[in-house]
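Biologist: I'm new to this one. Can you put it on screen and walk me through it?
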There are 2 protein chains.
Amino acid sequence: MTQFKDIHSRQLQLLADDELALRLERVKNALVSAGADSVLISDSANIFYLTGRVFAGYIYYNIADKEPIYIVRRPNDLISDRAVRLGRFAEITTLIKENPKCTAPECIALELDILNFNMAKRLMDALPGTGFANASPAMRAARAVKTRLEQHLMKESGVRHARVYSRIPHIYQQGMTDIELQVEIERQSRLEGNLGIFRINGCDMEIYMGNVLTGENSDIPTPYDFAMGGAGLNPSLPVGADGSLIEPHHTVMVDVNGNFTGYMTDMTRCFALESLDDKTLAAHQLSIDIVHALTDMARPGVEAKKLYEKAEAMAKEAGMAEYFMGHRQHAAFVGHGLGIEINEAPVISPRSRDILEAGNAIALEPKFVIPGQGAAGIESTILVKTEGPAECITNAPEQIIYFE
Amino acid sequence: MTQFKDIHSRQLQLLADDELALRLERVKNALVSAGADSVLISDSANIFYLTGRVFAGYIYYNIADKEPIYIVRRPNDLISDRAVRLGRFAEITTLIKENPKCTAPECIALELDILNFNMAKRLMDALPGTGFANASPAMRAARAVKTRLEQHLMKESGVRHARVYSRIPHIYQQGMTDIELQVEIERQSRLEGNLGIFRINGCDMEIYMGNVLTGENSDIPTPYDFAMGGAGLNPSLPVGADGSLIEPHHTVMVDVNGNFTGYMTDMTRCFALESLDDKTLAAHQLSIDIVHALTDMARPGVEAKKLYEKAEAMAKEAGMAEYFMGHRQHAAFVGHGLGIEINEAPVISPRSRDILEAGNAIALEPKFVIPGQGAAGIESTILVKTEGPAECITNAPEQIIYFE
């Protein structure tokens with residue numbers, strides 16, 4: 001496990017200046033579009049984006065300044081000449097408005113889609129005489145296009161993710177339930193260096209590390225806006241594996257997270273015990289065909305909704321519309337941006353207004369649920385390139401693999 | 001794994017009427033104290049508390065009504081005569097203000113410590129002519145006292161949690177790193193039925209399933225308000241195990257979550273390879289003594305801060321103050337309420353205004369970090385009883401267990 005070496009020094013390391021400059025440039029452009037001259041960040045995912053590590057506190061950045069300042073509550077050993085320490089909350093006013101290291105804000109963007117109401121009000125009260133804008137869409141727009149370093153980190157996750165999936169046929173043992181298989185996949189993934197944590201923007205979704213679905217359980221509706229279902233083990237987390245025995249002639253769909261680097265890849269593959277019926281096989285091949293078609297279409301300037309429309313048209317043409325993205329309950333998207341969090345921009349849905357850009361990372365997941373059989377299809381993570389088709393970075397075999 | 005049987009029917013099952021009535025009574029009293037006549041709930045933990053399952057949508061409850069209504073977005077198969085379906089968001093106005101099944105609100109409490117700023121504004125705009133209050137402290141107060149059923153679910157988690165810990169000495173193999181041991185504990189816990197998910201109120205803390213800390217790594221400050229440290233595997237999640245080899249004469253502190261029922265227990269135990277120095281042994285015994293003293297003190301009517309003061313005084317008297325609740329960075333509490341989430345009321349801290357009540361569930365964790373040696377001490381979950389000392393529900397052996 002050489003990836004764990006020198007961890008103490010790595011944890012204190014922040015983004016290199018040239019990488020920070022690339023990301024700040026994107027944030028700056030997004031802030032100007034939002035009519036703000038500055039931003040105050042406190043969300044972990046956004047702090048990680050702008051520093052390369054998570055800390056508790058705030059980042060303040062004014063577009064008039066070359067650099068942001070880090071207003072740090074914890075840890076108490078974060079070393080940076082950009083860092084100032086925050087003791088009492090009230091000190092934030094002086095640290096932002098009367099700090100020789102930064103320009104005071106005229107219109108400051110706050111993460112209003114993330115900050116809780118009372119915290120947002122508290123920050124507004126601490127910055128009187130300042131205009132406010134919403135930083136959430138701006139940070140979402142900035143993070144939608146990955147830098148070369150971010151793409152590298154996603155590719156590294158993709159390689160390790162595929163390595164874990166390559167071991168699934170060897171992990172399966174006769175008589176296993178869905179959850180027993182899932183636990184062994186989680187273990188294998190953690191030993192490969194998976195950080196475990198599954199970052200989701202907002203509070204609308206909860207999940208542990210992923211889902212393994214087999215048979216009828218695949219068709220159980222869930223509270224969450226995930227493509228696939230499952231009753232789960234307990235009504236406090238009603239999604240995913242429910243203890244069903246893995247039985248012959250049903251698919252086993254594995255969708256377990258790939259967070260090896262702080263940047264996640266998303267990948268789904270199907271397995272089975274013995275033969276499957278023709279409809280399930282056709283649905284699986286159709287999913288592969290859709291992913292390939294969308295990977296080819298995913299080029300800069302293309303409307304995200306066109307990808308959804310293409311997928312839906314292919315499902316309809318094959319007579320598979322009623323199984324597309326679920327059966328008893330349908331998800332209204334076929335793909336989603338991802339990176340630090342699992343639900344970033346662009347969204348591949350019928351009402352999306354996103355336009356694809358080079359550097360977008362997108363998980364494509366045109367899945368089908370065949371009642372009585374289970375779920376079929378794949379999910380792959382792609383990177384949109386400057387020219388040509390997108391690049392798939394989760395390169396495990398796409399065909400159904402049969403357990404022996 | 002008999003606990004997984006009949007899962008599909010269990011997932012659709014809601015709280016029995018008498019249990020719901022107990023919880024509603026607590027919510028009603030808390031709302032009256034907050035000056036509100038009604039509440040609108042959307043947080044998963046609060047929805048689980050008031051229904052016994054998680055769904056996406058809202059619960060509306062007016063204290064003039066006998067029952068709440070469930071305004072459900074997903075899943076589409078939730079069956080209850082209290083449930084109404086929410087299509088477009090705008091329908092929420094009519095469903096609350098012109099619904100024959102419920103009384104319209106005059107002053108409605110919203111979860112303003114949880115809801116994001118924009119969502120809170122959207123709800124306020126959807127309910128014109130209504131007064132608003134903060135539901136978060138009210139729900140926190142209601143949930144701080146566990147019903148008999150909730151206590152039963154916590155005890156069940158405690159029993160299974162202890163069973164997992166009893167296997168740790170058999171899981172350890174020579175030459176393991178902290179993360180390798182942690183992964184095997186996670187697996188054992190998941191096979192025992194752990195749901196994995198670690199619910200934390202608010203967005204200030206992130207963790208996967210728990211922490212295993214050994215040696216110097218125990219003293220690395222983290223961004224989070226946890227008692228213990230650790231550099232973690234990656235700067236995106238800088239807490240916990242960092243790949244350190246488990247070496248002789250250092251402690252191995254295991255603090256892995258016990259969410260087996262939707263209700264969590266919290267338990268920490270220490271292990272070691274070969275002998276430990278006297279200071280570490282003394283610190284561990286002191287922690288056990290503090291837990292016992294606080295368990296005896298934890299009775300209805302006692303101020304929570306008195307427990308903190310007692311713990312601090314015992315640490316000072318033993319000359320261990322500089323190691324108490326961390327060394328390079330100190331946590332400012334010695335215990336916390338828990339249940340559906342890991343950070344509920346009451347808080348055992350010097351500035352806490354909480355008064356203990358029968359039915360409180362509290363994790364006591366007076367821990368010490370001895371530089372060069374590691375972390376020492378235990379954490380136990382207790383239930384405050386109507387009479388007599390509190391009851392410990394995480395009954396794994398408290399002494400340090402030596403790996404063979």
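Predicted model: local features only at pLDDT ≥ 70, side-chain atom pairs only at ≥ 80, totals over all residues.

Modeller: In chain A, the mean position of the 39 positive charges lies 6 Å from that of the 53 negative charges.

Biologist: How many helices and strands are there in chain A?

Modeller: Chain A has 11 helices and 19 strands. Its radius of gyration is 22 Å, close to the 22 Å that the globule rule gives for 404 residues, so chain A is as compact as a globular protein of that length.

Biologist: And what does the C-alpha trace span along its principal axes?

Modeller: About 70 × 40 × 40 Å for chain A.

Biologist: What share of the residues counts as buried?

Modeller: In chain A, 64% of the 404 residues do. The accessible surface comes to about 14600 Å², and carbon and sulfur atoms hold 50% of that.

Biologist: Which part of the contacts joins residues at least 24 apart?

Modeller: Counting contacts in chain A between residues at least 6 apart in sequence, 66%.

Biologist: Switching to helices. Why should H7 of chain A span 27 Å?

Modeller: Helix H7 covers residues 148-166, so at 1.5 Å a residue its 19 residues should span 27 Å; the end C-alpha atoms are 27 Å apart, which agrees.

Biologist: Which residues of H7(A) are buried?

Modeller: Among them are A:Leu153, A:Met154, A:Ser157, A:Gly158, A:His161 and A:Tyr165. An α-helix has 3.6 residues a turn, so residues three or four places apart point the same way.

Biologist: What about H10 of chain A, how far does that reach?

Modeller: Helix H10, residues 278-297, reaches 28 Å from first C-alpha to last, close to the 28 Å expected for its 20 residues. Its buried residues include A:Ala283, A:Leu286, A:Ile290 and A:Leu294.

Methods. Residues numbered from 1 in each chain as written. Chains lettered and ligands numbered in written order. Heavy atoms only, no water. Helix = DSSP H or I, 4+ residues; strand = E, 2+ residues; numbered from the N terminus. Expected span 1.5 Å × (residues − 1). Buried < 20%, exposed > 50% of the residue type's maximum accessible area, 1.4 Å probe, protein only. Rg over C-alpha atoms; globule rule 2.2 N^0.38 Å. Contact = heavy atoms within 4.5 Å. Areas by Shrake-Rupley, 256 points an atom, 1.4 Å probe, with all protein chains shown as cover. Lys, Arg positive; Asp, Glu negative; His and termini not counted. Charge placed at Lys NZ, Arg CZ, Asp CG, Glu CD.
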